[in-house]
Amino acid sequence: MKLFINPKHSQGHINPELQGHFSEHLGRCIYEGLYVGENNKDIPNVNGMRTDVVEALKQIRIPVLRWPGGCFADEYHWKDGIGPKESRKKMINTHWGGVVEDNSFGTHEFMELCRQLGCKTYVNGNLGSGTVQEMSEWVEYMTFEGVSPMADQRKANGHEAPWTVDYFGVGNENWGCGGNMRPEYYGDLYRRYQTYVRNYDPKKPIFKIACGANAQDYDWTEGVMKTCFRGADQFHGFMDGISLHYYTVPGGWEHKGSAVDFDEKRWYKTMATTLFMEELIRKHEAVMIRHDKDHKVALIVDEWGTWYDVEEGTNPGFLYQQNTIRDALVAGINLNIFNKHCDRVKMANIAQLVNVLQAVILTDGDKMIKTPTYHVFDMYKHHQDAELVESYVENETIGIEDENKVPALHESVSLGKDGKLHITINNLSAEKDYEIEGIVTDSEIKGVSAEIVSGEMHEHNSFDDPERVTKKSFSDVSIKDNRICFTIPKCSVMHIAVEI
Ligand code: AHR
């Protein structure tokens, strides 16, 4: 198969935030996974954040973190999570497992975590059950420098300087868990709430995100855009972005299926379901463009990833699942799709960071493992801040059932700040390797190096076998007659760096 690349034809800038993450007060994501408490003597931590996890996340250059939800966001009252820990209110996390939330991880802890990770902050406000005043005061608490009731409280709680809130979500899934609203009703509320999300520092305007659709609910996008859009500049516009949530649920919501135990049919169904993301982005974009002709509003895919049955013996409300080579492919495909739509998609956040859904990290007590998905992010990080270039791969259609036929190969290519071309290519086939010949227009190929995440489709890491699936260097790539030659094995995600 031939892979054509034209490095002279740039197709847009790849925001690092396309490789963003999401951490909700759900199961063992925040508590145990990220935060173990300042007084924990058993698990090494800095200010309560576990060192092993923070170090691993720094390696993949996590660009942005969304918090505190998800569905939790529209039940979260931020004032419960500030001040002395012993006097913080306890509540029941009704959405997720009915466990006691002691609010020991709140605004200060989130900002500290982002500081340690060196990433941008994406805070999701409560529109479903919170007041305008509450949302407005949260923004004031976090970002106002001068003298004000909220800024003074922040200072009294030990943080003199304001933080930067890069992104702010005005509600989450308000068509469902965030209030069961209709789009026009939400749109009106959005207009009102966002008015009080003030830009206290005009040099760091907050990027405001309206709640977008669930999968193919194009009417929602239409209703919200119609109600809310009026330009997107910092002072006059109402919105900078609108979100989209889409999960790969290969068995459907009733019978999601096992994360590790699946057949080839289910493999292809997973691939086909994931590829649907492409159509969703195109169609939502088509709706947006009716109102926003100049492409001012970004599409923010702030929840994506696989959703399977929980692991046996775990709390069904904790959404803890394993992660195999199949998930590596799902990650590779989605990240390629986001790259290819980088003119409109400005941020995407996989759900979720640790121990929940398609996590990049799993923990058990003081042990930690990196999932196959982690290693894909580690390879794709070279696309961050790069320029997408034109690429096309010859293909064939594979699969078992008619409705689940998929292309065998899936790619995206960027020109990095390091001057190298970065090719990420996936082989979706469960049985066939493909020989590839890469042709780069008008360029001399001076060197190539490659790395790969590959294996039998069910392979995964466990606490007994933590390195079974990792990123490996791939030496079987060569330059012949100014062409890049290699064979991509079945079930593989690959990154090739090309010096030109
Ligand atoms: O990521 C888990 C949940 O999925 C989120 O809380 C919600 O927004 C979505 O339905």
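Which element gives the most to the lining of the largest pocket? In this predicted model, local features need pLDDT of at least 70 and side-chain atom pairs count only at pLDDT 80 or more, while totals for chains, interfaces and linings use all residues. Residues are numbered from 1 along each chain as its sequence is written, and side-chain values use heavy atoms, with hydrogens and water left out.

The largest pocket holds about 450 Å³ of space, where a pocket is an open set of points on a 1 Å grid over the protein atoms alone, with protein on both sides within 12 Å along at least five of seven lines, and a cavity is a set of points where a 1.4 Å probe fits but cannot get out; lining residues have an atom within 4 Å of a point. Grid points are joined across faces, edges and corners, and a volume is the space filled by probe spheres set on them. The lining of this pocket comprises 24 residues, of which Asn214, Tyr247, Val249, Trp253 and Trp307 are closest to the centre. Two or more lining residues come from each of β11 (241-248) and α7 (264-291), and β11 gives the most, with 3 residues; helices (H or I, at least four residues) and strands (E, at least two) are DSSP runs numbered from the N terminus.

The space taken by the ligand is this largest pocket, a molecule being assigned to a pocket or cavity if more than half of its atoms lie within 2 Å of its grid points. The ligand is surrounded by 13 residues, the closest being Glu24, Cys71, Glu173, Tyr247 and Glu303, where a residue is near if one of its heavy atoms lies within 4 Å. Oxygen atoms of the ligand lie 2.7 Å from a polar side-chain atom of tyrosine 247, 2.7 Å from a polar side-chain atom of glutamate 303, and 2.9 Å from a polar backbone atom of cysteine 71. Of the 280 Å² of accessible area that the ligand has on its own, the protein covers 93%, with areas taken from the Shrake-Rupley method and a 1.4 Å probe.

The structure also holds 2 cavities of 30 Å³ or more. The largest cavity, of about 60 Å³, is lined by 16 residues, with Gly171, Asn172, Cys211, Ser243 and Asp302 nearest its centre, and β10 gives the most to this lining, with 5 residues. The second largest cavity has a volume of about 50 Å³; helix α3 (residues 132-143) supplies the largest share of its lining, 3 residues.

Conventions: Polar contact = N/O pair within 3.5 Å; in protein donor to acceptor, adjacent residues only side chain to side chain.
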